[in-house]
Amino acid sequence: MRVLVVEDDPLVADVVATGLHNAGFAVDQVRSAESAETALVTEHFDLIVLDLGLPGRDGLQFLASLRRGAGESARVPVLVLTARDGLDDRVEGLERGADDYLVKPFELRELVARVRVLIRRTGSSAAGGLGFLGLVLDEASRVLRAAGRSIELTPREWSILEYLMLHAETVVRKDKLLQAISGWDDSIAPNAVEVYVSRLRAKIEGSGVAVRTVRGVGYRLERAAFV
């Protein structure tokens, strides 16, 4: 999962980015609303962490403009970070299109938890984690549970399976999958996705779930076809 942090305070931005990165997210940072808009034109993000006190156009103006737009970026979940703790400020942020609101100072664990909840609202849920058919990504233990087995995944494998689960039974383009697991500072070759998917297939074999290649497009997580 890939997160865009829009925060002009470099210390806060680095703390947030490091915390999310350590939790398994791919993270990119920008310092202004204008830079955020440029990033959203060319890149795919699963969530935006947005500070309201930005230079130039503030976060509320950016948020309102984002929600008025077209395309998938207009629907990206937004978690607002702000020092403005008044009720009217929180209500205005939600009315402008924020999905959640966290007042500074905040606990990093709570931020990470809220980010996960917002991203997973679009996916299927299972007790203890994200699930699809017989597979469950157990967030507490950071292992994949399948047919009574506990399967260790690397961080990249986890991110790919998580993204495929959130978009289960739909075709995920290879470039979108690559963007979802890597930030601007990561150097991942496009064919690396094929390697990670191959490893995932080996690990989930026999679980009743398969990662199908849609030639020339990408991948789809679906029920395995048994012969």
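Two strands pair if DSSP finds at least two bridges between them. Helices (H or I, at least four residues) and strands (E, at least two) are DSSP runs numbered from the N terminus. This is a predicted model: local features need pLDDT of at least 70, side-chain atom pairs count only at pLDDT 80 or more, and totals for chains, interfaces and linings use all residues. Residues are numbered from 1 along each chain as its sequence is written, and side-chain values use heavy atoms, with hydrogens and water left out.

**View A. An open sheet of three strands pairs in the antiparallel sense.** The strand order is E11-E13-E12. E11 and E12 (209-214) stand at the edges, each with a single partner strand, so one side of each has no neighbour in the sheet. Six bridges link E12 to E13 (residues 218-223).

**View B. Five strands form an open, parallel sheet.** The order is E2-E1-E3-E4-E5. E2 (26-30) and E5 are the edge strands, each with a single partner, so one side of each is left without a neighbour in the sheet. Direction ignored, neighbouring strands are turned by 20° against each other on average. E1 (residues 2-6) and E3 (residues 47-51) run parallel and are joined by four bridges. Val3 has Leu47 of E3 as its bridge partner. Helix H2 (residues 33-42) lies across E1, E2 and E3, at about 160° to E1.

**View C. The largest nonpolar core has 50 residues.** A nonpolar core is a set of buried Ala, Val, Leu, Ile, Met, Phe, Trp, Tyr and Cys residues joined through side-chain atoms within 4.5 Å. Buried means under 20% relative accessible area, exposed over 50%, partly exposed in between (1.4 Å probe, protein chains only). Those with the most contacts inside the core are Leu20, Phe25, Val49, Val115, Leu144, Leu161 and Met165. Helix H6 (residues 155-166) supplies the largest share, seven residues. Another core, of 21 residues, lies apart from this one; among its members are Val6, Ala33, Leu52 and Val76. Neighbours within four places in sequence aside, Leu20 touches Val3, Val5, Phe25, Val27, Val49, Val112 and Val115.

**View D. H6 crosses H8.** The axes of H6 and H8 (residues 192-204) come within 10 Å and cross at roughly 80°. The two helices are therefore roughly perpendicular (under 35 degrees counts as roughly parallel, over 145 as roughly antiparallel, 65 to 115 as roughly perpendicular, the rest as oblique). H6 contributes Arg156, Glu157, Ile160 and Leu161 to the contact; H8 contributes Tyr196, Val197, Arg199, Leu200 and Lys203. These residues divide into five nonpolar, no polar and four charged.

View E. Most residues other than glycine have a negative phi, and most peptide bonds are trans. Pro105 sits in the loop between E5 (100-103) and H5 (108-120). Glu169 lies in the loop between H6 and E11 (172-173). At 54% relative accessibility, Glu169 counts as exposed.

Definitions and conventions. Contact = heavy atoms within 4.5 Å. Axes fitted to C-alpha atoms, helices over the stretch in contact; angles between N-to-C directions. Nonpolar A, V, L, I, M, F, W, Y, C, P; charged D, E, K, R; others polar.
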